[in-house]
Amino acid sequence: MEQVQLTQEDSALIRAIIDRDRKVFEVFYKKYYRQLFAVAHRYVGQTETAEEIVHDVFITIWNKAAQLNIQYSMKSYLFRSVVNAALNVVKKEKLDAEQRTAYLSVHDTELGDQLEDHKEGEEAMLKGLEAALEMLPDRCRQVMYLSRFGKLKQKEIAEQMNISIKTVKNHLTYGFQKLREHMENNKKVIIQLLILLTLNAR
Amino acid sequence: MEEFETHEEMVYALIIDDLEQTISAADKKILEEWRSAAEVNEKTYQDFVEVQNSIDKIYNKNGFDTQLSWESLDAKIADTIEVPLELKSKGNYKLWYQVAAAVLVLCSAGYYFLTDRTYVTVSTAGTNSVSQLTLPDGTELSLNSGTTVRYDKENFNKERKLILEKGEVFVHVVLHNSKQFSVDLGDVQAEDIGTSFNVSKTEKHASVIVEEGKVAMKQNGSATQVLLTPGMVGRYEPQTKQLVAGSNSDLNYKAWMDKKFTFREMPLDEVALQLQKVYKTPLIIRGEALKLRKLNARLHYQTLDSVLEVISASLQCKAIKEQNTYVLSVN
């Protein structure tokens, strides 16, 4: 496998991990945890699973630092591993969910009643936006996640996904536009509702 | 500014660069001119800002505690560091793995409800995941696969009785003013006194392990009863009609539900038996020496992949997946 020369920083980090330097590992973990967690969480939607995905990637690094196949940089390796692991979980859960949904739709209506309807204000807006994010085409969504939740630069995303910076830009502009349209429509609905309520109040 | 109208995409890209604060000075100037050229342009810019701010809110919404998360990872790393010594091989368990694997494969997914007057019967058959059920009084049940329970839906709050026909249930009882909660196990009853406990029933025995609080296990039609406290197990054998209590040595009795395992000096072949029961996936160990190697670990993972990742790293062996079977072998 073709391997790019690692930066001094990454090489030093790997040496420290091989030497079992927990302090360095801790700093390294804390530096990326939040973004990695956010990306994983976006895909799997569950805090525990997202945390586990991130932990597994770091456990592999801790145990196998010497044998890692790092193509560009440690950072890019981290995000690549987290995205792949998250996608695997989603794939597996989709199957489970299909089974569950089949069961629920046939046998249980009570559960539906328990789902409370608490859609109000900003909470509802963010929920809608999350749904709109999920509806973006796969590649575009991944770029958006890496950019907005992983806080990766466009160049880093391009390396990560093996696409050109131009393509990254296209995905980002497409994603932003779609979300913007979504928010615009959302506002219209709210205004219509308000008008309706005002009219009814009279 | 007309040229920009035909280059909408380019302007959007500039806005995104600007939001990321990676925009060049020259581009920034172009963008600013565009923004001030028309009101609608400025509105577009503000829309992008709003999208960005909203996504940031989503980013911040989920609770993150980097320190706590690190501590939890730190503990996991500590668990994987102990590498036990190899032991000499003894015995042959291979056949049993094959039998267990075959049985697991035969279990197919299924889940159904039957209503018999006011009685509700819930069965879980070979489902991969643990099923949750809340009883009318709020008591929470986790049902293992292959479990059947029954209760009277309409009169539940008066009786508070759950009938366990077969399988395994973890019960978390809620405080209630009416009658004591009980589980009917056929010849014996488990009566709760405000607790969580694990109940299982097969043809050969019924057992109760207490996690919290107290449970009385009573034999029907006789005065025999045992009082169980945390860390104790009560066991009844229908054939001999004997009810006994003892201390529970099975650390992983509720791993089927919470996927938390603690292994202390446990030979890998026994570890594998426990894991395949919980994750419902066949797991084979190649190599007699490897089967007898001992594992010390605390594992808490949703997937078997993660568990095997840790085990293979700590015992320096290899985990692969062959069709639907996991295989652990020497490197």
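In chain B, strand S16 and strand S19 (residues 325-330) pair in the parallel sense over three bridges, where strands are DSSP runs of E of at least two residues and helices are runs of H or I of at least four, numbered from the N terminus, and pairing requires at least two DSSP bridges between two strands. Please keep in mind that this is a predicted model, in which local features need pLDDT of at least 70 and side-chain atom pairs count only at pLDDT 80 or more, while totals for chains, interfaces and linings use all residues. Residues are numbered from 1 along each chain as its sequence is written, and chains are lettered from A in the order in which they are written.

Within that pairing, B:Leu283 has B:Tyr326 of S19(B) as its bridge partner. The open sheet has three strands in the order S16-S19-S18 of chain B, with mixed pairing. S16 (283-285) and S18 (317-322) of chain B stand at the edges with a single partner strand each, so one side of each is left without a neighbour in the sheet.

Turning to the helices, the axes of H3 (residues 25-37) and H4 (residues 39-61) of chain B come within 5 Å and cross at roughly 120°, with axes fitted to C-alpha atoms, for helices over the stretch in contact, and angles running from 0 to 180 degrees between N-to-C directions.

Finally, 35 residues of chain B are in contact with 38 residues of chain A, contact meaning C-beta atoms, placed from the backbone, within 7 Å. H4(B) gives the largest share of chain B's side, 10 residues.

Note on methods:
Contact = placed C-beta atoms within 7 Å.
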